[in-house]
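Thanks for asking me to look this one over. My notes follow below as numbered points, so please have the model open while you read.

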Amino acid sequence: MMALKTCECWCLLIFLFLPFCLCLEEYSEEQHDVVDRPAHFECSHCCHRAEPGPRGWPGPPGQAGIPGNHGNNGNNGLPGHEGEKGDQGLKGDFGPRGERGIQGIKGEKGQAGIPSELKVAFMASMATHFTNQNSGIIFSSVETNVGSYFDVMTGRFTAPLAGVYFFTFNMMKHEDVEETSVFLMHNGNAIISMYSSESKGKHDTSGNSGVLKLETGDEVWLRMGNGALHGDHQRYCTFSGFLLFEDH
């Protein structure tokens, strides 16, 4: 009796759920063939379609597809505006030395060069006494006169060109006087001098030297101050000068 009731329950359950299962299968097929069925199509296995259930959770992402073909290159864009001038960069290292160039064409013959430096030198000496005070000293002889720029008649040297010259003179006081002075003159101006002082009856020597910058035509000579000069064959009194270098 119990077994019969159990069997009846199972049959009732199958009868109730069988149409529902058939509708689910029909609904699944309808998703694939919905374009071929009319909009008013209804399930033929049940009287009413069941309400759709809630939307399920999204499934996991699918695998990445195969990459597509490379597209064509786009057209070139319009040129941009010119930028501001940048700061100057650091100086680079020296590059390697280049190869020697081809020898150039021989130039034309140049003009004649300036003559070599002029040589100027003189030395005059006194063999007789000189007593003319406040006057230019005249020497009795000239031992050296390179270029002939010393005039033995006037006792004056004339500069042949602009330059720097050296002059020196040495004098002996005459024994008849107590003191003697001599001046080196440049165009009438006393530049340097010598002074000798000793009692009468005695000789005394003195001298001086100077470097002068002269222009062409300038004159240099010795002028007697007071006293007197001794002169003999020993030539104690001398006057010398020479050109150091030109001044262009």
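1. Two strands pair if DSSP finds at least two bridges between them, and the elements themselves are DSSP runs numbered from the N terminus, with helices being H or I of at least four residues and strands E of at least two. With that in hand, look at strand 5 (residues 163–173) and strand 10 (residues 237–246): they run antiparallel and are joined by eight bridges. F169 sits opposite F239 of strand 10.

2. A word on the basis. This is a predicted model, in which local features need pLDDT of at least 70 and side-chain atom pairs count only at pLDDT 80 or more, while totals for chains, interfaces and linings use all residues. Residues are numbered from 1 along each chain as its sequence is written, and side-chain values use heavy atoms, leaving out hydrogens and water.

3. The order from the N terminus is α-β-β-β-β-β-β-β-β-β-β.

4. How much of the protein chain is buried (under 20% relative accessible area, 1.4 Å probe, protein chains only)? The figure is 24% of the 248 residues.

5. Contacts (heavy atoms within 4.5 Å) are worth a look too: among those in the protein chain between residues at least 6 apart in sequence, 69% join residues at least 24 apart.

Definitions and conventions
Buried < 20%, exposed > 50% of the residue type's maximum accessible area, 1.4 Å probe, protein only.
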